[in-house]
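The following report concerns the structure shown below. It takes up chain contacts, annotated sites, domain arrangement and selected secondary-structure elements in turn.

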Amino acid sequence: MKHLISIDDLTRQDAIDVLDTAEHMAQTQSRSIRKLPTLVGRTVVNLFFEDSTRTRISFEAAAKRLSADIINFSAKGSSLSKGESLKDTALTLDAMGADAIVVRSSSSGAAHLLANAGWIDKPIVNAGDGTHEHPTQALLDAYTLRRHLVEGPTGSDLAGKRVIIVGDILHSRVARSNVKLLSLLGASVTLVAPPALIPIGVQSWPCEVSYSLDAAIAEGADAVMMLRVQRERMVGGGFFPTEGEYSRRFGLSTDRADRLPDHAVVLHPGPMNRGFEIASDVADGPRSVIVEQVNNGVSVRMSVLYHVLAAHTEEAS
Amino acid sequence: MTSILITGASLYGDTIADVLIDGEDIVAVGPEATGRVTATTEKVDGTGCILLPGLVDLHTHLREPGGEEAETVDTGTMAAARGGFTAVHAMANTTPTADTAGVVEQVHQRGQEAGHCDVFPIGAVTVGLESERLADLGAMAESAARVRVFSDDGKCVFDPLLMRRALEYVKTVNGVIAQHAQDPALTPNAQMHEGAVSAEIGLMGWPAVAEESIIARDVLLAEHVGSRLHVCHLSTAGSVDIIRWAKQRGIAVTAEVTPHHLILTDEKARTYSARYKVNPPLRTQKDVDAVREGLADGTIDIVATDHAPHPRDAKDTEWDRAAFGMTGLETALSIVQATMVDTGRLTWRDVARVMSEKPAQIGLDARHGRPIAAGEPANLLLWDPSTTATVDPADHASRSSNTPFEGMDLPGTNRATIFNGRFTVRDGELVHG
């Protein structure tokens with residue numbers, strides 16, 4: 001795989017390969033010396049036009065554990081904050097000899113442009129673009145689900161599993177990537193949100209849509225993924241009447257979590273609005289795999305960096 | 001000034017006849033034309049070509065004053081001549097805004113100096129396009145620029161009372177309000193058509209209803225106060241239905257469609273290439289089919305380019321940071337030929353109506369859109385429909401290269417544009433002076 005811009009770039013087998021490699025990476029992380037020599041001498045640039053501490057640190061840790069050199073290029077205090085264009089930044093990074101670019105932007109399509117505009121000919125990994133996609137988040141979610149829901153996860157998909165994704169679908173790149181990836185891996189997905197937070201045009205997505213979290217839970221679920229309500233993106237307001245009403249109808253309360261089957265897990269990509277979309281007792285409770293998602297994120301991103309930077313050169317040699 | 005004889009061309013694609021031009025007018029058509037040729041008459045072989053009245057664009061952004069990096073009156077009117085136009089109406093969203101007699105007179109004057117076609121400035125409806133109070137509509141109408149079309153294009157005259165007052169006031173000059181129909185409250189930060197594609201690629205939606213609801217309101221206002229309304233760049237199937245209904249009621253409404261809305265769909269946004277970013281946005285195939293049908297059956301009166309040049313940096317960037325708009329003057333007739341003529345929806349006589357006669361009537365341009373007949377102004381286009389060429393913005397006269405048609409093979413070439421009896425384009429090349 002040359003780039004990872006969208007889940008559309010992956011076949012089912014590609015996705016399983018990335019998850020399997022992540023399993024290998026995770027095993028190495030329990031050793032006393034965790035650093036692998038895989039990417040010695042390679043330079044990975046973390047190009048973050050949008051603040052995101054957790055994703056940036058996760059990619060940084062992943063690159064370092066593969067012995068890559070990592071350059072963090074963030075909006076604050078850099079030429080990016082002085083209005084330098086994506087194009088000029090790309091030309092600069094190309095001239096500096098970056099081997100791969102991990103890019104986060106508030107603009108949908110930024111990663112796609114970097115990969116396709118002809119400014120730079122290096123692997124591009126999308127670390128979240130606007131309200132489009134966040135493919136490594138979906139991969140780490142799928143990885144986490146596979147570990148919990150599938151016996152002998154290596155080589156497996158998520159066939160027959162039922163996942164409910166709840167919340168601000170409209171503004172969520174995590175939801176877009178997850179709907180594509182989970183369905184690619186054979187899971188069935190139900191989106192739950194107030195109608196204004198579900199995009200017009202959702203009918204063409206490979207998933208079901210419900211306006212009732214209670215009804216969706218009543219149908220049974222292997223996992224519930226809660227999304228952050230992105231109040232900063234809610235231009236114009238009126239997406240739902242009040243936060244209290246949202247919380248009551250669409251929040252994952254302890255009562256609702258108790259109605260899930262025993263084996264079901266609860267995910268959240270973070271950062272969480274505790275007490276709003278998810279009750280603290282659920283976020284910290286036995287079903288929650290939220291902290292584990294963060295840990296798995298490093299393994300999955302190691303795998304992705306390996307696949308875009310090392311896999312094809314190894315095959316060639 | 002020498003006389004010009006065009007031989008063998010098909011007038012409106014109907015009848016082959018020779019046409020003799022002397023001075024600024026057509027002096028003879030048919031056998032009489034050949035009889036009056038003198039030793040100095042320039043002859044143009046029009047065999048195989050269509051002779052049309054010079055095209056008239058009711059919706060052009062020339063960008064001057066203030067946006068000269070993208071286009072000037074000079075470069076924009078050269079692009080117009082290349083496209084077969086002999087008159088363009090220059091939109092008011094310049095810097096400063098064309099909201100006073102001084103600015104519209106300057107633009108008009110620059111057009112006359114450039115000499116590539118007539119430039120009819122469009123006056124702003126409201127001061128600074130701010131939708132707060134009416135601009136000096138009367139002063140612009142009475143100025144040397146003789147403004148008759150008023151528009152805040154780029155912005156909608158959203159306040160219904162202000163729109164009513166504008167419609168009422170332009171009756172004093174037999175003017176028309178050209179509305180950019182977009183409810184701003186329904187389109188915050190809107191980037192592209194709201195539908196399946198926007199949902200998938202994560203760009204903020206611009207719903208069809210934001211256009212349709214304004215058009216519905218405006219036709220009712222125009223009916224109520226008995227004024228002329230023109231709807232700019234109509235883009236949705238629903239808008240076509242509303243205009244059809246309004247015309248059946250006898251409301252004095254006219255509507256335009258752009259070449260790009262006749263051929264491109266929102267699927268183009270999947271490239272995230274901002275060359276496809278335009279306002280109103282590219283819609284779905286269903287909408288493209290509906291605007292083609294509306295243009296064919298006369299519901300949509302005219303084709304107007306919404307030629308919107310932008311400097312490269314304004315397009316070579318992330319979609320949500322990029323400017324809205326596409327160039328269009330130099331590709332307009334090729335797109336109309338491809339989508340409407342070659343598909344049998346319009347005849348060349350219909351093309352003369354929708355790209356010359358009707359826009360000139362809406363804009364009250366006395367010397368344009370006239371019949372090809374003795375005694376009429378010599379504003380003409382000689383078009384060869386038999387050729388095919390690949391669009392390359394490097395060949396364009398426009399200062400900007402933001403065409404969405406780059407690389408497309410399009411039919412037809414401009415053999416000659418004649419403006420007031422002299423060539424502005426001959427054998428496809430611009431003629432200066």
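## Contact between chains A and B

In this predicted model, 22 residues of chain A and 18 residues of chain B make up the contact between the chains. On the chain A side, two or more residues come from each of helix H3 (86-96), helix H4 (110-116) and helix H6 (173-184). H4(A) gives the most, with three residues. By residue class, the chain A side divides into seven nonpolar, twelve polar and three charged residues.

## Annotated positions in chain A

An unreviewed UniProt entry places the feature "binding site" at Lys82(A), Arg173(A) and Arg228(A). Arg228(A) lies in the loop between strand S8 (223-226) and helix H8 (243-250) of chain A. Beyond its neighbours within four places in sequence, Arg228(A) is in contact with Gly167(A), Asp168(A), Pro271(A), Met272(A), Asn273(A) and Glu277(A).

## Annotated positions in chain B

For chain B, UniProt (unreviewed entry) places the feature "binding site" at Asp153(B), His180(B) and His233(B). These positions are spread over 81 residues of sequence but cluster in space, with a largest C-alpha distance of 9.9 Å.

Asp153(B) occupies the loop between strand S11 (149-150) and helix H5 (160-169) of chain B. Asp153(B) counts as buried because 25 C-beta neighbours lie inside 10 Å. When residues up to four places away in sequence are set aside, the contacts of Asp153(B) are Met91(B), Ala92(B), Asn93(B), Ala178(B), His180(B) and Cys232(B); one of these, His180(B), is itself an annotated position. His233(B) is found in the loop between strand S15 (229-231) and helix H8 (237-248) of chain B, and is buried, with 25 C-beta neighbours inside 10 Å. Not counting residues up to four places away in sequence, His233(B) touches His59(B), Glu256(B), Val257(B), Thr258(B), His261(B), Pro280(B) and Asp306(B).

## Domains of chain B

Chain B is divided into domain 1 (4-50 + 375-430) and domain 2 (55-363). The centres of the two domains, taken over C-alpha atoms, are separated by 26 Å. Their contact takes 28 residues from domain 1 and 40 residues from domain 2.

On the domain 1 side, strand S18 (380-390), strand S19 (409-419) and strand S20 (422-426) of chain B each supply at least two residues. S19(B) provides the largest share, six residues. The domain 1 side comprises 14 nonpolar, twelve polar and two charged residues.

Strand S1 (residues 4-7) and strand S4 (residues 19-22) of chain B run antiparallel and are joined by three bridges. Within this pairing, Leu5(B) has Leu20(B) as its bridge partner in S4(B). S4(B) is also joined by four bridges to strand S5 (residues 25-29) of chain B, again in an antiparallel arrangement; here Asp22(B) stands opposite Asp25(B). S4(B) and S5(B) form a hairpin with two residues between them, and Gly23(B) in the turn has a positive phi of about 65°.

Leu51(B) is located in strand S7 (residues 50-53) of chain B and counts as buried, with 28 C-beta neighbours inside 10 Å. Apart from residues up to four places away in sequence, Leu51(B) touches Ile6(B), Ala9(B), Ser10(B), Leu11(B), Val19(B), Gly46(B), Ile372(B), Leu380(B) and Leu382(B). The C-alpha atoms of Leu51(B) and Ala296(B), 245 residues apart along the chain, are separated by 21 Å.

## Helix H7 of chain B

Helix H7 (residues 208-225) of chain B has 18 residues. From its first C-alpha to its last, H7(B) reaches 26 Å, close to the 26 Å expected at 1.5 Å a residue. Just after H7(B), Gly226(B) takes a positive phi of about 70°.

Which residues of H7(B) are buried? They are Ala208(B), Ala210(B), Glu211(B), Glu212(B), Ile214(B), Ile215(B), Asp218(B), Val219(B), Leu221(B) and Ala222(B). In an α-helix, residues three or four places apart point the same way, because there are 3.6 residues a turn. The buried residues of H7(B) pack against H5, strand S12 (176-179), strand S14 (205-206), S15, H8 and strand S16 (253-257) of chain B.

Definitions and conventions. Residues are numbered from 1 along each chain as its sequence is written. Chains are lettered from A and ligands numbered from 1 in the order in which they are written. This is a predicted model: local features need pLDDT of at least 70, side-chain atom pairs count only at pLDDT 80 or more; totals for chains, interfaces and linings use all residues. A residue is buried if 20 or more other C-beta atoms lie within 10 Å of its own, exposed if 12 or fewer, and partly exposed in between; C-beta atoms are placed from the backbone. Two residues are in contact if their C-beta atoms, placed from the backbone, lie within 7 Å. Ala, Val, Leu, Ile, Met, Phe, Trp, Tyr, Cys and Pro count as nonpolar, Asp, Glu, Lys and Arg as charged, and the others, Gly among them, as polar. UniProt positions are given in the numbering used here, feature names are shortened, and annotations may be inferred rather than shown by experiment. The expected span of a helix is 1.5 Å times one less than its number of residues. Domain bounds come from an automatic or database domain assignment. Two strands pair if DSSP finds at least two bridges between them.
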